[in-house]
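Student: I have a model open and want to learn how to read its features. Where do we begin?

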Amino acid sequence: MTACAIEPPSTEGADGVPGAGCVITADGAYAARLARDGDSWFPERWTLDGPEPYAVPLPGNQPEEPGTEVQPMGDGRVLIHRLVAGRHAFALLYPTGPGTGELPLGAVECPEPGTRLFLLPPAPGGVRAYALAVGPRSSVVWLVAGGAFGPERLAEVPGRCSGGVWLDRAGRMLALDRELGGRTKTVVVDLERAEVSPLLQIADGSDDRLLLADPDSGLLLISSDAPCPGQERLGWGVLGSTLPVRFPECLRVRECTVTPFAIQPGQALMPENCAVGLRIDGTFGTWVGTWRPAERRVRHLPAPEGWLAGAGVWTRDGVLRLPYTTETTPCGVSDLTAPEGPARDGGSERASEAGRPAAEAGPPVPEARPSVPEAGPPVPEAGASVPEPGARGPESRGPGAEAGAPTRAEPGPPVRAEPGPPVRVVTRPVPLQQAPLGRLVTN
């Protein structure tokens, strides 16, 4: 690597959510970003799965525009998205000795005024890449890399969509936050069948978004104003569970923006034990938080110097890997280990070396029920449960129901701890491959 960028060209994501300075593959092997050499921008690939991280510059024949998107593929190539003469052009970049090879993939035209096209998060497997074109009345999912004949139009979703979260390891189920009729609800797109079904609809009048999901455990990180109308709250649920979405008080940090960016994989059937990485932005700057649903505290940690804020990946062993770049270390990764064990005092742990404000404390965890998730603020009725994508709940309306109506499910009975050693009881999510898509939303 011959140059580094202390700042990414843009740190603001869709809907005002802070964006990351680089993009990491789903398996954490590669990363890509725009680096800077003086006033010029060029793509750069990072290799993260070796003994030491290293970067490979991939400059083209001319500098890139600051808004150019890059995304790493599973084989080490880098997908680049450029706007050329009003068309969205895609190509794969790869190192060729001292130069950069480029494989054009084709272009997508968006003739309708006001249409915005952007890359979706890296798909599992790293073989394919997708983009979302958001128009005034509908959104279109495009396959832009990994197809046989260039960009391929896969599915159209009525309404304006944002976000993008993968729900399975096969890269088939894609969750999008759809704005329709003045409200935002999360829907699932089956990319094989080009079918759309509702996923997250907490209350009729709430805006509900899916921020992160882990296919192994089914843990979902959610943003909604259902518990506090007009105010977004962070909550969590389990895919396929009948228990309501919960909104822990510890995830509210005064005068700060809290953005989850990574979930620990590999915790099958144990969603409450998954560690979650949080980016916290406040008056003191930007730092890192770690949290588990089984705990009632956020652990505040200082971010490494030069952290590409919002970028990071968990290992299965519970190590949070954060990429950073400084003048002395142009390509580095800082490994943080999240402490385990539930917090008995119910407070948010203050990192003394960071000097950050503590999050609001919640009630203590009962000693006799360590495996029972904490109860959050009341949510309207029982519609806060997160159904399996396309699954029909006990009170789901039939095919003639109004499109976009909430899917309701009865809350499950409370989990009780029996005398003796605590036994962990969790709701097992239904594998996505076994969940037929029904009650499609078509308008």
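Tutor: Begin with one side chain. Phe 261 has a relative accessible area of 12%, so Phe 261 is buried. Keep in mind that this is a predicted model.

Student: What does the pair of Phe 261 and Trp 307 tie together?

Tutor: Phe 261 belongs to strand 20 (residues 257-263). Trp 307 sits in the loop between strand 23 (299-301) and strand 24 (313-314). The pair therefore links parts that are 46 residues apart in sequence.

Student: How many aromatic pairs does the structure hold?

Tutor: It holds two. Tyr 130 and Trp 166 form a tilted pair, 5.2 Å centre to centre, with 50 degrees between the planes. Tyr 130 lies in strand 10 (residues 129-134) and Trp 166 in strand 13 (residues 160-166), so this pair ties together parts 36 residues apart in sequence.

Student: Are Tyr 130 and Trp 166 buried or exposed?

Tutor: Both Tyr 130 and Trp 166 are buried.

Student: Now the sheets. What holds strands together in a sheet?

Tutor: Backbone hydrogen bonds pair the strands, and the pairing is either parallel or antiparallel. Now the case here. Strands in the order 17-18-19 make an open sheet of three strands, paired antiparallel.

Student: Which strands stand at the edges of that sheet?

Tutor: Strand 17 (208-213) and strand 19 (233-238) do. Each has a single partner strand, so one side of each lacks a neighbour in the sheet. From one strand to the next, the twist averages 30 degrees.

Student: How many bridges join strand 18 to strand 19?

Tutor: Six, and the two strands run antiparallel. Take Ser 223 as a landmark: it lies in strand 18 (residues 219-224). Its bridge partner in strand 19 is Leu 234.

Student: What does the side chain of Ser 223 do?

Tutor: It makes a polar contact of 2.6 Å with the side chain of Glu 232. Ser 223 has a relative accessible area of 10%, so it is buried. Leaving aside neighbours within four places in sequence, its contacts include Asp 207, Asp 208, Arg 209 and Arg 233.

Student: How many bridges join strand 25 to strand 24, and how many to strand 26?

Tutor: Two bridges join strand 24 to strand 25 (residues 319-324). Six join strand 25 to strand 26. Follow Arg 321 across the sheet. Val 313 stands opposite Arg 321 in strand 25, and Arg 321 stands opposite Asp 335 in strand 26.

Student: Why is strand 25 called largely enclosed?

Tutor: Five of its six residues are buried, so the rest of the structure largely encloses strand 25.

Student: Which residue in the hairpin of strand 24 and strand 25 takes a positive phi?

Tutor: Gly 318, with phi near 90 degrees. The hairpin has four residues between the strands.

Conventions: Residues are numbered from 1 along each chain as its sequence is written. This is a predicted model: local features need pLDDT of at least 70, side-chain atom pairs count only at pLDDT 80 or more; totals for chains, interfaces and linings use all residues. Side-chain values use heavy atoms; hydrogens and water are left out. Rings of Phe, Tyr and Trp (its six-membered ring) pair if their centres lie within 6.5 Å; planes under 30 degrees apart count as stacked, over 60 as edge-to-face and the rest as tilted. Buried means under 20% relative accessible area, exposed over 50%, partly exposed in between (1.4 Å probe, protein chains only). A polar contact is a pair of N or O atoms within 3.5 Å; within protein, one must be able to donate a hydrogen and the other to accept it, and residues adjacent in sequence count only if both atoms are side-chain atoms. Contact means heavy atoms within 4.5 Å. Two strands pair if DSSP finds at least two bridges between them. Axes are lines fitted to C-alpha atoms, for helices over the stretch in contact, and angles run from 0 to 180 degrees between N-to-C directions.
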